[in-house]
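Look at the sequence and the model before reading on. Then try each question yourself before checking the reply.

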Amino acid sequence: MSLEHVHSTDGEEAGDSSSLALKILVAGGFGAGKTTLVGAVSEIRPLRTEELLSEAGQLVDDTGGVDQKTTTTVAMDFGRITIRSGLSLYLFGTPGQDRFWFLWDELSQGALGAVVLADTRRLEDCFPAVDYFEHRRIPFVVAVNCFSGARTYAEEDVARALDLDRGTPVVLCDARDPASGKDVLIRMVEYAGRMHTARLLESVGQGAGPE
Amino acid sequence: MPPGSQWYDAEAGPLVRPYAVTGGRTRSGPGGVRFDLIALVEADDAAADRRGASLLGPEHRALLSLCGQDARSVAELSADADLPVGVVRVLLGDLLEAGCVRVSRPVPPARLPDEWVLREVIDGLRAL
């Protein structure tokens, strides 16, 4: 049966030889620079994949009586970074509009973490993303995209304005710059590692350190 | 001229309904496998030859050729084949059932960030 087929090729027992793919989400308000960031760090030309909304059930956008329109597509940006043969990062820009949120649930499943891009001129645009990842306990960093002409704020100010949980990193970045984008990803992976360790300790109980 | 046809241009999108290539199916076969966007798909050439890929449609073959050299993620296949993810999932289900592809699933979230893997990712990013 095909389901078993999938299991049998699962990487769990295969160890080092199996391919490993890690997923990172890039979220933020419309125009915050999601597409730019994905494009800046990806080694492949930024691709857009499309999902058909009708597939997701009734959560189709409001077509208000336009009966002929059975499907709508929503595009997601995505990019790839190969760390080594068999280990790759995949970046997904989440759809910006609120009505496509159901797609986030699928995207965030098994995600290593997320980058929330913030534009200080419209900080409130990234509230929904911050909320989403906090509720689902998905590690994320807030990357403040420093648009030229926008006043720069200190990281602490942004953290306070967004009412972030303590420890959530805030990084200033330039989404157009690959080096800057890379730094954001490094901070995110580091943070995801810390969160994971902390949760392991939590679940094991007091005093049981990682040996 | 059919009514409204003067409105067709590149912006109008595909003139064949996306799920036409799946025969109207929106779910993959009896196994009901749901392919993750980053599940890696690799063509099994030997099996594809053996089982007579002639039974498959042109879109199936396009997908097979896209993942013939290296394993590709479902998302990449969707972008490169210019087909919606939902459609690609159905077609991949067919290919899996026919034994034409191997699929490695992403690491389950519970054991996701092995410390050494994360270390490797961080070092790898720094070295880029």
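Questions and answers on this structure follow.

This is a predicted model: local features need pLDDT of at least 70, side-chain atom pairs count only at pLDDT 80 or more, and totals for chains, interfaces and linings use all residues. Residues are numbered from 1 along each chain as its sequence is written, while chains are lettered from A and ligands numbered from 1 in the order in which they are written.

Q: Which element of chain A has the highest mean pLDDT?
A: pLDDT is the predictor's confidence in each residue, from 0 to 100. Chain A has a mean of 78, and 73% of its residues reach 70 or more. Helices (H or I, at least four residues) and strands (E, at least two) are DSSP runs, numbered from the N terminus. Among these elements of chain A, helix α1 (residues 2-8) has the lowest mean, 33, and the highest, 96, belongs to β6(A).

Q: How many contacts beyond near neighbours in sequence does the model have for residues 55-69 of chain A?
A: A contact means that two C-beta atoms, placed from the backbone, lie within 7 Å. Residues 1-17 of chain A stay under 50 in pLDDT and have 22 contacts beyond four places in sequence. Residues 55-69 of chain A are also below 50, and their number of contacts beyond near neighbours is twelve.

Q: How many residues of β5(A) are buried?
A: A residue is buried if 20 or more other C-beta atoms lie within 10 Å of its own, exposed if 12 or fewer, and partly exposed in between, with C-beta atoms placed from the backbone. In a regular strand the side chains alternate between the two faces of the sheet. In β5(A), A:Gly113, A:Val115 and A:Leu117 point one way, A:Ala114, A:Val116 and A:Ala118 point the other way, and all are buried. The count for this strand (residues 113-118) is six of six.

Q: Which residue of β7(A) is the bridge partner of A:Val144?
A: β6 (residues 140-145) and β7 (residues 170-173) of chain A pair in the parallel sense over four bridges. With helix α6 (residues 155-161) of chain A, they make a right-handed β-α-β unit. Right-handed means that, with the strands pointing away from the viewer, the path from the first strand over the helix to the second runs clockwise. The partner of A:Val144 in β7(A) is A:Leu172.

Q: Which residues are exposed on the other side of α5(A)?
A: The buried residues of helix α5 (residues 127-135) of chain A are A:Ala129, A:Val130, A:Tyr132 and A:Phe133. They lie on the same side of α5(A), because they cover an arc of only 160 degrees around the axis. The arc is that of the directions from the helix axis to the C-beta atoms. On the other side, the exposed residues are A:Asp131 and A:His135.

Q: Why does A:Arg176 count as partly exposed?
A: A:Arg176 is found in the loop between β7 and α7 (178-204) of chain A. Not counting residues up to four places away in sequence, A:Arg176 touches A:Thr36 and A:Ala40. A:Arg176 counts as partly exposed because its number of C-beta neighbours inside 10 Å is 14.

Q: Which strands stand at the edges of the open sheet in chain B?
A: Three strands form this sheet in the order β2-β1-β3 (chain B), with antiparallel pairing. Each edge strand has a single partner, so one side of each is left without a neighbour in the sheet: these are β2 (72-73) and β3 (101-104) of chain B.

Terms used:
Pairing = 2+ DSSP bridges.
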